[in-house]
Each structure stands twice: as structure tokens, then as C-alpha cells.
Amino acid sequence: GTKSLEVALQPKMSLSSLTPVGFEALARWRLADGSFVRPDEFIELAETAGLINELDNVIFEKVLQSIKVLNSHGFNLPVAFNASSYDLVNPDYFNQVKSKIDAHGISPSQLEIEVTETQAISNYGLIKETLERFKALGLKVSIDDFGTGYSSLAHINEIPSTSIKIDQYFVTNLESNKNNQYMIKMILSLAEQYNFLVIAEGVENEFEASWLLEQGCETAQGYYFSKPQFMDDLLIWLNRYTDKHE
């Protein structure tokens, strides 16, 4: 067809070692002229048309292919993919994902499922159950957009997740915004309390990276390190982190 769905991967970096520790997979919809449809636009279209499950299936398939390519180049880092609440309330979704993982022969530990906090709370009973099954299978579970929803505090200790993501809303203008600094410190101390890993999104400069590290945030992603990249560019980018002495 003239339109094609592709997956770009944005590296997640360790703030202490400044090396990649994983990726987030982001859907990109390329038009015939080479331009891209904005992700929020096509996701909204897909949701309206009731195609979000198909869309997420196609993307998940591409995530698994990406992992195989990365593995073949010696990079065994986990890839996070976004699951919508439409997926997570669908009783077949877990089995669909599991059978694809099996078919590709990929270790579940190389996958991380990201769900936004608002979605996780929206149909809490069902979604919690599905996330627990994924966790039992060995996938990591990450709560996205943390702190921007309404019910974080009520449910933080009940959502079966391994990590929470600090939304870029709090990271933007961090240097001049004392209020956001305060919010991030609060999220980090909560995370410590409940034993979550924390990933900060939208890190764009050196101040943000070093301030977050100082506060005890382990991991970050953002343009300061790398924009989301398609596989060919990503492999070139990753090569600088390869140990050349083997």
C-alpha cells in the first residue's frame, strides 16, 4: 500500500554509565511522499475506527522483528512497546502476545509492556489481571505518564508494574521550574518506597541529565541522548557502545 507502518526505537540510557539499557518502540506511519502522520492522529483514527487492536498487532510484530535484528548484532536489550487499554481488556490479547513471542523464540525478558497510568486505572480489575499475567510470563511492566493522571497515589502500590516513567511534562524546563523539581523528587521518593525503577522522559540537556542522576533517577530517554531512530541508523548509533576488544 501507499501507507506503511514502521517502528522507530528510542534508546533508554543509564544516567550513571551513559550507556543504552533498552529502547522504547514508537509507531511511525509513513505516507507515500515520505512524510509521517503524527502518532496521536493515527492512533486516534485507529481507535475511532475500532482498529487499535490490529494496529497494535502489526506494531508488536515489528517490535519482535526489531529485537531479532538487535540480537543478531549482539545487542540484547529490552524493548518497550505501548499497549492500549483496548488491548489489555481484550481477553485474547495475552494469548496473542504469548504465541507471537513463542513463535519468534524471543525471551520474554526482552520485552516491556508500557501502559499509561490513566488507562491502567480506567478498567482497573481487568487490566490488573492481564498485567499480572504478563509479569508472570517474565515481561517487565512500566507505567507511562506517571503523575499526570488523577489516581496515581490511590493505585500506585496495586498496579503490578516494575517501573514508572516520569512524564516529560515534569522534565521540560526543569532548570527554571522549581515546582517540577519538587514533583520529581516526590515521585522518586514514592518509587523508592514501593521499589519501582524510574525512567525520566524528555531529557533534552546536560542539566536535566545530571540533576536527575543526583536525585537518584537511574534511567532516562530524550533528545539529549537520541531521538527515536529506524533500525539502520540505530545500529550505527549503537556501534559506538560496542566493546571493540572482543
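This is a short tour of the structure, stop by stop.

**Before you start.** The model is predicted: local features need pLDDT of at least 70, side-chain atom pairs count only at pLDDT 80 or more, and totals for chains, interfaces and linings use all residues. Residues are numbered from 1 along each chain as its sequence is written, and side-chain values use heavy atoms, with hydrogens and water left out.

**Whole protein.** Show everything as a cartoon. There are eleven helices and nine strands (DSSP runs: H or I of at least four residues for helices, E of at least two for strands, numbered from the N terminus). The C-alpha atoms fill a box of roughly 50 × 50 × 40 Å along the principal axes. Of the 246 residues, 48% count as buried (under 20% relative accessible area, with a 1.4 Å probe and protein chains only; exposed is over 50%, partly exposed in between).

**Strand β2.** Select residues 20–30. Is this strand enclosed or open? Eight of its eleven residues are buried, so β2 is largely enclosed by the rest of the structure.

**Its partners.** Strands pair here if DSSP finds at least two bridges between them. Look for Lys12, which stands opposite Gly22 in β2. The two strands form a hairpin with five residues between them. In that turn, Leu18 has a positive phi of about 55 degrees.

Next, select β3, residues 36–37. Two bridges join it to β2, again antiparallel. Arg30 has Phe36 as its bridge partner. Another hairpin forms here, with five residues between the strands, and Gly34 in the turn has a positive phi of about 90 degrees.

Glu24 has Ala80 as its bridge partner.

**The core.** The largest nonpolar core has 71 residues (buried Ala, Val, Leu, Ile, Met, Phe, Trp, Tyr and Cys, joined through side-chain atoms within 4.5 Å). Its largest share, eight residues, comes from helix α2, residues 52–72. Among the residues with the most contacts inside the core are Leu9, Leu111 and Ile184. Zoom in on Leu111. Not counting residues up to four places away in sequence, Leu111 touches several residues, including Phe60, Leu64, Phe81 and Leu139 (contact means heavy atoms within 4.5 Å).

**Last stop: Leu190.** Select helix α9, residues 178–194, where Leu190 lies. Leu190 counts as buried because its relative accessibility is 18%. Its C-alpha atom is separated by 25 Å from that of Ser85, 105 residues apart along the chain.
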